[in-house]
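I opened this model to look up its salt bridges and one of its helices. My entries follow in the order in which I made them.

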Amino acid sequence: MKLGMTDIITTVVNTPGRALARSFIDNVIRDRVEPVIGSILYCDLALGYIEHSGIYVGGGNKCIVELHNDNGTCIIQRVSPEEFTSAGTGFSIYVSCEGTDAVGGKKIAKTARSMVGKCLGRYSLTVNNCHMFSDYCLRCGDKKTCECYEPEDYVKHFLNGEMTLTHLKQSAREIIGADNWLVWKRD
């Protein structure tokens with residue numbers, strides 16, 4: 001049986017190597033971008049089946065704030081881009097963009113920085129994870145005043161019973177106009 005180009009592409013896209021193929025295409029063919037303060041970031045963790053998200057806050061090497069799963073406990077910490085991707089299989093970090101321009105917000109970054117060092121309870125893949133933290137920063141950063149910085153307020157903040165990258169991307173589209181995700185141009 002002879003495979004056509006469409007069959008080959010479909011096979012590559014639907015295999016565990018799809019994240020690596022997508023990352024290669026995104027790094028070599030598509031535009032890349034520098035994040036701005038408050039950009040939402042994500043990278044692949046498990047061959048594209050699970051992703052990790054955080055907030056770009058600038059300020060040198062430790063420029064990303066993330067929710068870290070520390071043996072089942074959620075700890076907010078500042079990390080380098082290398083540390084951000086170290087737990088996964090991907091090497092690309094995707095940045096929230098409107099078209100080809102990175103988008104974010106200073107208040108989003110301020111919210112993320114204010115959470116560094118906090119323990120936010122037990123980690124859960126579905127209801128207390130990095131996407132929930134990133135969405136929290138996005139939503140609180142969007143408000144004129146937000147007093148939800150305590151862990152108990154953090155958990156109450158979410159009406160959504162499930163937080164995935166899909167939900168985070170939807171929030172980013174609604175709040176900061178992110179309609180595209182481009183690879184961070186790191187040289």
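**Salt bridges and a helix face**

I began with Glu 82, which at 49% relative accessibility counts as partly exposed, a class lying between buried (under 20% relative accessible area) and exposed (over 50%), with a 1.4 Å probe and protein chains only. I note that this is a predicted model, in which local features need pLDDT of at least 70 and side-chain atom pairs count only at pLDDT 80 or more, while totals for chains, interfaces and linings use all residues. Residues are numbered from 1 along each chain as its sequence is written, and side-chain values use heavy atoms, with hydrogens and water left out.

I found that the side chain of Glu 82 meets that of Arg 186 in a salt bridge (3.6 Å, N to O), the term requiring a side-chain nitrogen of Lys or Arg within 4 Å of a carboxyl oxygen of Asp or Glu. This pair links distant parts of the chain, with Glu 82 in helix α3 and Arg 186 in the segment after β9, 104 residues apart; helices (H or I, at least four residues) and strands (E, at least two) are DSSP runs, numbered from the N terminus.

I then looked up Asp 135, whose salt bridge with Arg 139 has its closest N and O atoms 2.7 Å apart. Both residues lie in helix α5, four residues apart, yet Asp 135 is buried at 1% relative accessibility, whereas Arg 139 is partly exposed at 30%.

Last, I checked α4, where the buried residues include Ile 108, Ala 112 and Met 115, and where Lys 106 and Lys 110 are exposed on the face turned away from the buried side.
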